[in-house]
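Subject: Structure handover

Hello,

Here is the structure we spoke about, with the sequence alongside. My notes on what turned up follow below.

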Amino acid sequence: MEWNDEGIVLSARRHGESAAIVTLLTPAHGRHAGLVRGGAGRRQRGVLQPGNRVAGRWRARLSEHLGTLTCELTEALVAPLLGDPLRLAGLSAACALADWALPEREPHAVIHDGLVHLIKALS
C-alpha cells in the first residue's frame, strides 16, 4: 500500500530516540498517522510543526498498519504566527481539535480546505 498526497500536519509526537509519529490531514485520505524516521531530529523538527503544509508519502505492507511517512515542506504556514502567542494558540487549538474529533482514514476534503483557509486567515 502506498499513496502520495498533500496534507496539513496536525500533530507530531516523539517515538523512540529519533523517530516521530505524525498525524496529517489530507483531502483524499483524511486524518492519517505514520512513523517519520528522524522526525524528532533537527532537520525535520521545523517541518513537522502543527499547521504546516507538507507533501506526504505513506507506505505500509497492509492498509491497516501504521506505515512509514515521509514529509516534504510545501508551505510554512506557521512561521508568520510565531511572534503572536494568541494566534499561535488559535492554530494549536484548531489542529488539536481536528486531530481529536475527526475519524481516522476517512476523506474530509471540505474540512481540509476550511482548515487551510483558517490558518491563512490567522496569518
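Is Cys95 buried or exposed? Cys95 counts as buried, at 1% relative accessibility. Please keep in mind that this is a predicted model.

Cysteines

There are zero disulfides in the structure. For Cys71, the closest cysteine sulfur is that of Cys95, and at 14 Å it is too far for a bond; the cut-off for a disulfide is 2.5 Å between the sulfur atoms. Cys95 is accordingly in no disulfide. Cys71 also counts as buried, with a relative accessibility of 11%.

Helix H2

Cys95 is one of the buried residues of H2, a set that also holds Leu91, Ala94, Ala98 and Asp99. These residues lie on the same side of H2, because the arc they cover around the axis is only 130°. The opposite face, turned away from the buried side, carries the exposed residues Pro85, Leu86, Leu97 and Trp100. Among the elements that cover the buried residues of H2 are strand S1 (2–15), strand S2, strand S3 (30–36) and helix H3 (109–122).

The length of H2 agrees with expectation: its 17 residues (85–101) should span 24 Å at 1.5 Å a residue, and the end C-alpha atoms are 24 Å apart.

In soluble globular proteins, nonpolar side chains tend to be buried together. The largest nonpolar core here has 15 residues, and Ile8, Leu10, Leu25, Leu91, Leu115 and Ile119 are those with the most contacts inside it. At least two residues of this core come from each of S1, H2 and H3. Leu115 touches Ile8, Leu10, Leu25 and Ala94, if residues up to four places away in sequence are not counted.

The tryptophan pair

A search of the whole structure for aromatic pairs finds one. It is formed by Trp3 and Trp58, whose ring centres are 6.0 Å apart and whose planes meet at 20°, so the pair counts as stacked; the cut-off for stacking is under 30 degrees. Trp3 belongs to strand S1 and Trp58 to strand S4 (residues 53–59), so the pair ties together parts that are 55 residues apart in sequence. Both partners are buried: Trp3 has a relative accessible area of 10%, and Trp58 is at 2% relative accessibility.

Ala19

Ala19 sits in strand S2 (residues 19–26) and counts as buried, at 12% relative accessibility. Setting aside neighbours within four places in sequence, Ala19 is in contact with Arg14, Leu35, Val36, Arg37, Gly38, Gly39 and Ala40. The C-alpha atoms of Ala19 and Ala40 are 5.4 Å apart in space, although 21 residues separate the two in sequence.

Arg105

One backbone angle deserves a mention. Most residues other than glycine have a negative phi. Arg105 has a positive phi, near 65°, and is not a glycine. This residue is placed in the loop between H2 and H3. With a relative accessible area of 30%, Arg105 is partly exposed.

Regards

Technical notes: Residues numbered from 1 in each chain as written. Predicted model: local features only at pLDDT ≥ 70, side-chain atom pairs only at ≥ 80, totals over all residues. Heavy atoms only, no water. Helix = DSSP H or I, 4+ residues; strand = E, 2+ residues; numbered from the N terminus. Buried < 20%, exposed > 50% of the residue type's maximum accessible area, 1.4 Å probe, protein only. Contact = heavy atoms within 4.5 Å. Expected span 1.5 Å × (residues − 1). Arc of directions from axis to C-beta. Phe/Tyr/Trp six-rings, centres within 6.5 Å; stacked < 30°, edge-to-face > 60°. Core = buried A, V, L, I, M, F, W, Y, C linked by side-chain atoms within 4.5 Å.
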